[in-house]
Each structure stands twice: as structure tokens, then as C-alpha cells.
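These are my notebook entries on a few features I looked up one after another. I began with a single side chain and then turned to helix packing.

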Amino acid sequence: MKNKAKSTYRKIEDKRTEPLYLMLCGIGVGISAGLVCVLYRFMLTFAEEYLFKIIGIVKGNPLKTALWLIALAVMGVIVSFIIKWAPLASGSGIPQISAEIKGYVSPSWWKVLIAKLTGSSITILAGLSLGREGPSVQLGGMAAKGVARITKADRTTEIRMISCGAGAGLAAAFNAPLAGIMFVLEEIHHTFDKSLLCMGIVSAVVADFVSKIFFGQDTIFNYETSQIPLKQYWILIVLGIVLGLMGVGYNIIMAHGQDFFKKFNKIPQPIRFAVVFFISGVVGLFVPRILGGGHSMVEFLINDHPAISVMIFLLFAKFIFGAFSAGSGAPGGTLYPLLILGTYIGAIFGDLSINILGLPSDIWQEFVVLSMAGFFASIVRAPITGVVLVFELTGNMDSLLPLVIVCLISYTVADMCGVSPIYSTLLEKFLTNNKDTETPVNTGEKVLQTFVIPTGSPLRNKKIADIDWGKHCLIVSVEREERAITPKGDTVLKEGDELIMMISQRYFAKDKRKIEKIIKGASE
């Protein structure tokens, strides 16, 4: 016990005196996450390339088509066994990484790496409407966990490394380092931790650098900049409202997609996956554009500017098939597909606005890009990440003001509707369905966690002694205006204070959630 106490207090001292250590950890995390995600991107590129080649070969030939559909069913069985071997490699990967950071699960990092790389690649080869970004977040986190375990990092550092690895994975997938760290702070942690920010920026930049060594420095999306006239800015309010409402509908239907597949739980998983992959093959024969993440849909949209009727058909087809693919539990992400849906909503909205209101035709692509960010903000409920992500995807700063307006309005509308953001919903469902899956090992070690008291928190102007923090938690420092305050019972808390708390690992998940509710003023 003495050694554990010394180790814990050494962590407190490291927080104040060794930022270099955090930067070195960030470099290690960035390199490992970047290399793993580069391998993953290469695997998915080959999988998608061969998917469309195979469709071109079998289409129109009944025998070859039948053999391909049988092969897809076999792929589904293989993926089901991969998921059985590593259950937490199923689905998007973002809820799983959030659950680990919050202390609910602790899977074998190398098993998840192998299962996610192989399972997701097979899934893309089969054509399911899933993306690479969610899995990249999980792969980055697991690569970072591997580095933490190999270097024998303490549990506090390990959690930070997993978090930063998740952001580095997103950075490597999108070539978007700022969006990577913002996603971790805004969506996963919902708080601002200086130590996490320090390590996270380094890891995201390093992972992005590693990715660009292999894939070049071009942005993922390129479009012609056109300014919306200031007198027409009211149209952005309408667009934000539309995206907010459609984002709410997306979240509701995606949540029900998982509930739909739960009805078939009595059917063995290999058979369920075989049917899902078989259906994907049938869809691919008739509407190949909606397969995979959807990059071909964007190229078709920008290069050909199809008619509104075609865009509406592809939008609904992609949405329905995406909900079907994600609800099945197959390994693959929903982040990139939802961005594709946003581009099509913007394209339809832009055409209608130009035709009905007589707006300049050259602003059509502007609506496409704005809707991508707004739709993301309404679904994920992370407007800052949405703005930064689209800026990095396009490399264009000229649309910053319209981006902010659309994202904030869509976020506000979605939040007012009272529907939970997508990844919070998926996390709750994951925890409900996986109560006994790979629970964390309780070593008795203490974990340091930082909490920020926000404006309007019920804790402001209250004494530490007046708050029931729980018997497994201890406030070890209060950071106020760059000054460390030794906490005492009569210490009065202020808005903006950073509470550095020591929590028993055995009760980490439960107590962390309790403290977050106390700080926000939510009822237990």
C-alpha cells in the first residue's frame, strides 16, 4: 500500500513539474496510432478498390453473381467469429473507447487491434455502408494502450494516452489534427484538461504527420470558394434549423436500428451476419454508389452535380442502408457516412435555394460544405469540432463565419428537441448490452482525474466539506488562475476551478459519473 501511495503522489508532482514527460508520451502515442491507422487506411483502400472491381465482373453474370453472394455470406460468418473472439471490436468503436476511458471496460488491446483491422476490412470489402473514422478512433486508442502497457505507465497516464490515441486516430483518418483533439475534449471527456490537451496536441500532430508521409498533404475535400452575400445570411438560419431537425431524426432512427436487430438475438450471430452481408451484396448490384463510406458519392456529387431527384434518392438510400449496416453491429464507423449525408442535404438545399430564391449559382458548393459541418454538429452535438473538422477537411478559412452560424443553430435546435447525441445514445446502449463484457481489472491503484467547475455550476461558492464527493474520492489540489491551492474543508470553490481528484480504480467508473453529475447539478 505504501508503494501505491508513493506512486500516486508522484503522479501529482509529475503533473506540475514534468510537461516534457507528457510531450514524450504524446510523441509515442502519435507514432503508434498514426502507423496503425495508416495500415488500416491502406487495407480499406484495397478492400474498396477490389469491391468495385468484383461488382463490375459479376454484374450481369448469374453464376458469378451467385458465387459472389455466397462468398459474402461466408465473409459474414467469418466476421461473426472475429467479433466473438474480441467482442469490443464490433460496431463503430467510439462508444467502446468512451466506455474504457470512463472505466467501464478494459479489453485486450492487441485483440481489438487485430479484430478491428481484419473485421472492418472484410466489412468494407462486403460493401456495408460504414466508414473508417470510428474504427480509427478505437485503433488509435488501442495502439496507445499498447504503448502504455509496454512502457508500464501508471493508470492515470494510461487513460490519458488512450484518450489522446483516440484523437490521434481521428487525426490520421481525416488529416485533421485539431479536430482530433477537439473531438476528445468536446465529445468524449466533455471537459478541459490541460495535461490531456498538452499530450493530445502532440499526439494528434505527430499522427497527422505520419499519415501525410504516406498519403500526401492534400485535403480530403476540395471545392471552389464562393461567398454568400451578407444580405442573404438569413438563409443560413433556415439551413441550420433544417439540419438540426434532420440530425434529430437521424439519431432517433439510428438508435431504433440497433433495437430492430435485437429482435433477432435468438438467431445465431453467424447466420445474422451472413444474411446482412448477403443483403449488402444484393444492394451493391443495384445501387453500388451507396456502398462503403461514401467517397464515390461525394465525387459523383461534385463532379456531375446530379438532378435533385437523383440526389434525394441517393440520400435516402444511403441513410437507410447506413442505418441497416450500423444496426447490425458489424465493425465499421458512422462518422464519415453521416458527413456524406450532410453533403447531400446541403446540395439539395442549395439547388432549391438557387432555383426558388434566385441566389447566385456559384454558391451551391458552399451549401454542400456548410451542411456537412451543421449535420455533424446536430448529430454529435459537438459544434466546435464540426467547424474545425470541416475547415481541416477543406483547408478553406473563407467560410468560417457561415460555418459557425450554421453549426451553432443546428446544435441549438437539436439540443432543444431533447434527443441525446448519437454517441451518448450508443454508449448507453453499449453499457446496457455489455454489462459483463471484459470488465476492468481492479489493481487498487488510484487514478488522477481533472474536473472543471463550469459557469452556473451548483458547486460555485460552496465549501468542499459541504459536498458529498463519495468515500472513494479525494481532492488533492484545486487549480485557480494558474495557482495551486491546497484543498481544505473550508476551501470555497469558484467557477473555473480545476479539481484534481484521486479516485480508487475499483470504483472509478461509478464515482467519475457521480462527480460529473454533482458538478453539472444533475440528479442521481
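Entry one. Working from a predicted model, I looked up Arg272 and found that this residue is buried, because its relative accessible area is 17% and the cut-off for buried is under 20%. I placed Arg272 in helix 11, which covers residues 269-286. Setting aside the neighbours within four places in sequence, I found Arg272 in contact with Phe264, Asn265 and Ile267.

Entry two. I then turned to helix 6, residues 133-150, whose 18 residues reach 26 Å from the first C-alpha to the last, close to the 26 Å expected at 1.5 Å a residue. I noted that 15 of the 18 residues are buried, so helix 6 is largely enclosed by the rest of the structure. Just after helix 6, I found Lys152 with a positive phi of about 55 degrees.

I looked up how helix 6 packs with helix 7, residues 155-174, and recorded an angle of about 140 degrees with the axes 6 Å apart, which makes helix 6 oblique to helix 7; the cut-off for roughly antiparallel is over 145 degrees. The crossing of helix 6 past helix 7 is right-handed.

Technical notes: Residues numbered from 1 in each chain as written. Predicted model: local features only at pLDDT ≥ 70, side-chain atom pairs only at ≥ 80, totals over all residues. Heavy atoms only, no water. Helix = DSSP H or I, 4+ residues; strand = E, 2+ residues; numbered from the N terminus. Expected span 1.5 Å × (residues − 1). Buried < 20%, exposed > 50% of the residue type's maximum accessible area, 1.4 Å probe, protein only. Axes fitted to C-alpha atoms, helices over the stretch in contact; angles between N-to-C directions. Parallel < 35°, antiparallel > 145°, perpendicular 65-115°, else oblique. Left-handed = near helix turned anticlockwise from the far one by under 90°. Contact = heavy atoms within 4.5 Å.
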